[in-house]
Amino acid sequence: MEANLSPNRDRSSNPNPNPNPNPNSMSSIISSGQVWPTIDGPLGLTEETSVDYARRFYKFGFALLPWLWAVNCFYFWPVLRHSRGFPQTRKYVVRSAIGFSVFTALLSAWALTFSIGGEELFGPVWDKLVMYNVADRLGLSGLA
Amino acid sequence: MDRNQRHRSILDSLGEELIGILTPVSICMFTVVLLVCLLNSDPSSSSSSASFSSIATAAYAESDSDSSWDKLAGAFLNSLVFVAAITVATFVLVLLFYLRCVKFLKFYMGFSAFVVLANLGGEILVLLIDRFRFPIDSVTFLILLFNFSVVGVFAVFVSKFSILITQGYLVVIGVLVAFFFTMLPEWTTWTLLVALAIYDIAAVLLPVGPLRLLVEMAISRDEDIPALVYEARPVLRNDSVSVQRRVWRERNSSQNHSSDIENAPREDEVVRVVRVETESEEEDFGLSERSEISMPLIDRSGESSETFLEGIGLGSSGAIKLGLGDFIFYSVLVGRAAMYDLMTVYACYLAIIAGLGVTLMLLSVYQKALPALPVSIMLGVVFYFLARLLLEVFVVQCSSNLVMF
């Protein structure tokens, strides 16, 4: 009855497009011998839907959402690890990873410059930009 | 289909399933206590009632100068208004679900998650930044907050998202709402908790209760209730040949496969009651209304999945689900206890966990919809007052005389 449970159940007419790329880790992954594209394993997505999800997360991440790219990489971590399986999904996940690293590098460069540089580097603008002053001015921190 | 084998396998996986639901509840409570201890410099109730007004303080705003009897009466009025508001909102939800406006409900869920994460999350982060004088600039802060909220909406909205991230975001939403509820005046908080526990019993067990209606409709239509519900990871059974998949609607297909166990799924379906939280209204009026719904927990227990596995090799997930409202009110209780002293926190935490265990046990005994709030809240409230009035005196005396620390 194992055939009912493998992800190829609904694609029984197609040949298996996902040969197990790493026979050494087969026993450590799952007894059915199948590598799942998501980190949830058998509880997650099948391969066809994962391409769709990876693509949508990648595209949405361009709306200033590097965290979404990071979540994309986290969710499809097995795709990154096994480089020969899941070719279409891997394309988007790798691009998300690159995007996330670039954005994080830029953002942390700016944030670190701001916090370490402080007033000596920026002058009076620092006081105008720092968050707790902005909050005080807008009255946001009046709750406690 | 050996009976003994089934019971042994349930006991094996029961510990893992219990941990799967106790861990997030504990994390939520711990985080709320942490936030309360960090951010609560002013213990008096008058300032907090002035700064946080919601529908729960609409009838009466507590101030220090009132007598005890006035405070009690005012708190009682507040709770009555709040419970009435929740009842109305729950009936509206039942009506919408009956009229099959599922898309609207899902959209509303996503919208409320966004409001909670962006608004309340932003406020708490600002409070933390202010408290620790963390030198972050507003641009970075806005980007981070925007990211955090939007991905949270995705986690709640998108049906097959990463389990861990969805669970994390639900716990965060619970923490945020619970923290804001702890800022209600003290008497109001306690009477509100008791009133909600009583409402929970009524709404779930009475045949006219809105939650019971909702559960029955969801079961009869075989749909998921569109609400914020925390779902623990389904337990994978190592001894079985096949592996359980998180099957959302495939119960029907599995029923068709074997005719001899066709009546089994309905009997084995254990329904638990949980709370679900939906939020309405904007924060800019200073009003925020929380409406709550108790939902049954659909737990396809290990028994049914074992029979499926032996018969046809396809199991349905036996995941425990707990509504977000339960998280919130447990954490409110513990957060309020933290405002007095940490000793009451320990007492209330143990009481709540014990209550949750009792609720799960009652569930397995009765095999029908049960409310998740009453036992824990009642135990928690009793333990809080016992600890505050009796235990503290004892422990302080012992410590100051160096008998026991």
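Reply: A residue counts as buried when its relative accessible area is under 20%. By that cut-off, buried residues make up 57% of the 405 residues in chain B. This is a predicted model, and the packing below should be read that way.

Start with the make-up of chain B. Its secondary structure comes to 14 helices and four strands. Now take its contacts between residues at least 6 apart in sequence: 77% of these join residues at least 24 apart.

Next, one helix pair inside chain B. The partners are α3(B) and α8(B), and α8(B) covers residues 210–221. Their axes are 9 Å apart. The packing angle is about 20 degrees. An angle under 35 degrees counts as roughly parallel, so α3(B) is roughly parallel to α8(B). The crossing of α3(B) past α8(B) is left-handed.

Which residues make the contact? From α3(B) come B:Thr90, B:Phe91, B:Leu93, B:Val94, B:Phe97 and B:Tyr98. From α8(B) come B:Pro210, B:Leu211, B:Leu213, B:Leu214, B:Met217, B:Ala218 and B:Arg221. Sorted by class, this contact has eleven nonpolar residues, one polar and one charged.

Follow α3(B) to its end. This helix runs over residues 68–98, and α4(B) takes up residues 102–132. B:Arg100 sits in the loop between these two helices. It is not a glycine, yet its phi is positive, at about 60 degrees. Is B:Arg100 buried or exposed? B:Arg100 is exposed, because its relative accessible area is 54% and the cut-off is over 50%.

Chain A has a counterpart to look at. A:Leu64 also has a positive phi of about 60 degrees, and A:Leu64 is not a glycine either. Its place is the loop between α2 (47–60) and α3 (66–75) of chain A. A:Leu64 is partly exposed, because its relative accessible area is 45%, and that class lies between 20% and 50%.

Now the packing between chains. On the chain A side, the residues are A:Phe103, A:Leu107, A:Trp110 and A:Ala111. They meet B:Val139, B:Thr140, B:Ile143 and B:Leu144 of α5(B). By class, the contact has seven nonpolar residues, one polar and no charged ones.

Last, the database record. In an unreviewed entry, UniProt places "transmembrane region" at residues 60–80 and 92–116 of chain A. The model is 71% helix and 0% strand over residues 60–80, and the end C-alpha atoms there lie 20 Å apart. Residues 92–116 of chain A are 100% helix, with end C-alpha atoms 35 Å apart.

For chain B, UniProt's unreviewed entry lists several spans under that feature, including 75–99, 141–158, 190–211 and 372–391. Residues 190–211 are 82% helix and 0% strand, with end C-alpha atoms 23 Å apart. Residues 372–391 of chain B are 90% helix, and their end C-alpha atoms lie 27 Å apart.

How values were computed
Residues numbered from 1 in each chain as written. Chains lettered and ligands numbered in written order. Predicted model: local features only at pLDDT ≥ 70, side-chain atom pairs only at ≥ 80, totals over all residues. Heavy atoms only, no water. UniProt positions renumbered as here; feature names shortened; annotations may be inferred. Buried < 20%, exposed > 50% of the residue type's maximum accessible area, 1.4 Å probe, protein only. Axes fitted to C-alpha atoms, helices over the stretch in contact; angles between N-to-C directions. Parallel < 35°, antiparallel > 145°, perpendicular 65-115°, else oblique. Left-handed = near helix turned anticlockwise from the far one by under 90°. Contact = heavy atoms within 4.5 Å. Nonpolar A, V, L, I, M, F, W, Y, C, P; charged D, E, K, R; others polar.
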